[in-house]
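Reader: Hi! I have a model open and would like to talk it through with you. Could you start with a term we will need, and then show me around?

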Amino acid sequence: KITAIFVSKYLENKTSKLYFFNKRIVIPNFLSDKFRIHKHNYKRKNNFIWSVQREKGLKETLDLWINYIYQKNKKTKLFIFGIDKIRFGKLKDYYKKYNVFFFGRVKKSKLKKIYKTSLAMICLGYDETFCLNAIEANACGLPVLTFGKTALKDIIKNNYNGVIVKDYKSLSNKILELLNKDKLIKKKYTDNSIKSSKKYHFNKIKKKWFKLFDNK
């Protein structure tokens, strides 16, 4: 009699029902204390973050950034983490002209520092079984711009802790809209994002595990 634990509803639904588990339970991953913010920061730069280690959707995002976002706002920046920067080494000067910067993989402390001063994260959600980086972004006050696919469908609530868009054209429009939002609306996104992330704090997630063990 096996109890199967899944980190998201998406993963649970994706797993074949032909596996005759006694129980199927969803217990999400927890947020590292390194990303818990005790003092909110509302002084944000017009920077956007990509920190997904897979490249699906990156080319399209770079294209819309160069051809549309940069043309409308030459001060906003796109920081890309997690992608092998060596592969983009020969093009880094080209992308830099459009305020796109590749950092590769960096320490969590550097991510947190940049998250705390940026405006939003772009996380399309093509193949996320949980998407911890979206939770970490929310914890630092970053709303997430996403297609709402896979696990992001349950994590991001539209116009609350992020924005769900249907395609790349909508994504580019929402980026520009967010840049032009007044400070109160940006503050609301920050507050909602941090509030949303609190459900993933370790002290809450561990209670789910203790409850599971107590029922054994």
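Author: Happy to. A crossover counts as right-handed if, with the strands pointing away from the viewer, the path from the first strand over the helix to the second runs clockwise. Helices (H or I, at least four residues) and strands (E, at least two) are DSSP runs, numbered from the N terminus. With that in hand, β3, α2 and β4 make a right-handed β-α-β unit.

Reader: Before we go on, what sort of model is this, and which pLDDT limits apply?

Author: This is a predicted model, in which local features need pLDDT of at least 70 and side-chain atom pairs count only at pLDDT 80 or more, while totals for chains, interfaces and linings use all residues. Residues are numbered from 1 along each chain as its sequence is written, and side-chain values use heavy atoms, with hydrogens and water left out.

Reader: Thanks. How many bridges join β3 to β4?

Author: Four, and the two strands run parallel. Strands are said to pair if DSSP finds at least two bridges between them. Within β4, isoleucine 80 is the residue opposite tryptophan 50.

Reader: And what is the sense of the pairing between β4 and β5?

Author: Parallel, over four bridges, with β5 covering residues 100-104. Leucine 78 faces valine 100 of β5, and phenylalanine 79 has phenylalanine 101 as its bridge partner.

Reader: Why is β4 largely enclosed?

Author: Four of the five residues of β4 (77-81) are buried, so the rest of the structure largely encloses this strand. Here buried means under 20% relative accessible area, exposed means over 50%, and partly exposed is in between (1.4 Å probe, protein chains only).

Reader: I've clicked on asparagine 47. Where is it, and what is it in contact with?

Author: Asparagine 47 sits in strand β3 and counts as buried at 7% relative accessibility. Leaving aside neighbours within four places in sequence, asparagine 47 is in contact with Thr76, Lys77, Phe79, Ser118, Leu119 and Ala120. Contact here means heavy atoms within 4.5 Å.

Reader: Let's switch to helices. How many residues does α7 have, and how far does it reach?

Author: Helix α7 has 13 residues, 168-180, and reaches 19 Å from its first C-alpha to its last, close to the 18 Å expected. That expected span is 1.5 Å times one less than the number of residues.

Reader: Which residue caps its N-terminal end?

Author: Aspartate 167 does: a side-chain oxygen of this residue lies 3.3 Å from the backbone nitrogen of lysine 169.

Reader: Which residues of α7 are buried, and what do they pack against?

Author: The buried ones are Tyr168, Ser170, Leu171, Ser172, Ile175, Leu176, Leu178 and Leu179. The buried residues of α7 pack against β3 (47-50), α2 (58-72), β6 (120-122), β7 (144-146) and α8 (183-197).

Reader: What does leucine 64 touch?

Author: Leucine 64 lies in helix α2 and is buried, at 9% relative accessibility. Not counting residues up to four places away in sequence, leucine 64 touches Ile69, Tyr168, Leu171, Ser172 and Ile175. The C-alpha atoms of leucine 64 and tyrosine 168 are separated by 7.4 Å, although the two residues are 104 residues apart along the chain.

Reader: New topic: how many disulfides does the structure hold?

Author: Zero, where a disulfide is a pair of cysteine sulfur atoms within 2.5 Å. Cysteine 123 is in no disulfide, and the nearest cysteine sulfur, that of cysteine 131, is 3.4 Å away.

Reader: Last one, on backbone angles. What is the phi of threonine 150?

Author: About 45°, a positive value although threonine 150 is not a glycine. Most residues other than glycine have a negative phi. Threonine 150 is in the loop between β7 and α6 (152-155), and is buried at 14% relative accessibility.

Reader: And asparagine 159: what is its phi, and where is it?

Author: The phi of asparagine 159 is near 60°, again positive in a residue other than glycine. Asparagine 159 is in the loop between α6 and β8 (162-164), and is partly exposed, with a relative accessible area of 46%.

Terms used: A polar contact is a pair of N or O atoms within 3.5 Å; within protein, one must be able to donate a hydrogen and the other to accept it, and residues adjacent in sequence count only if both atoms are side-chain atoms.
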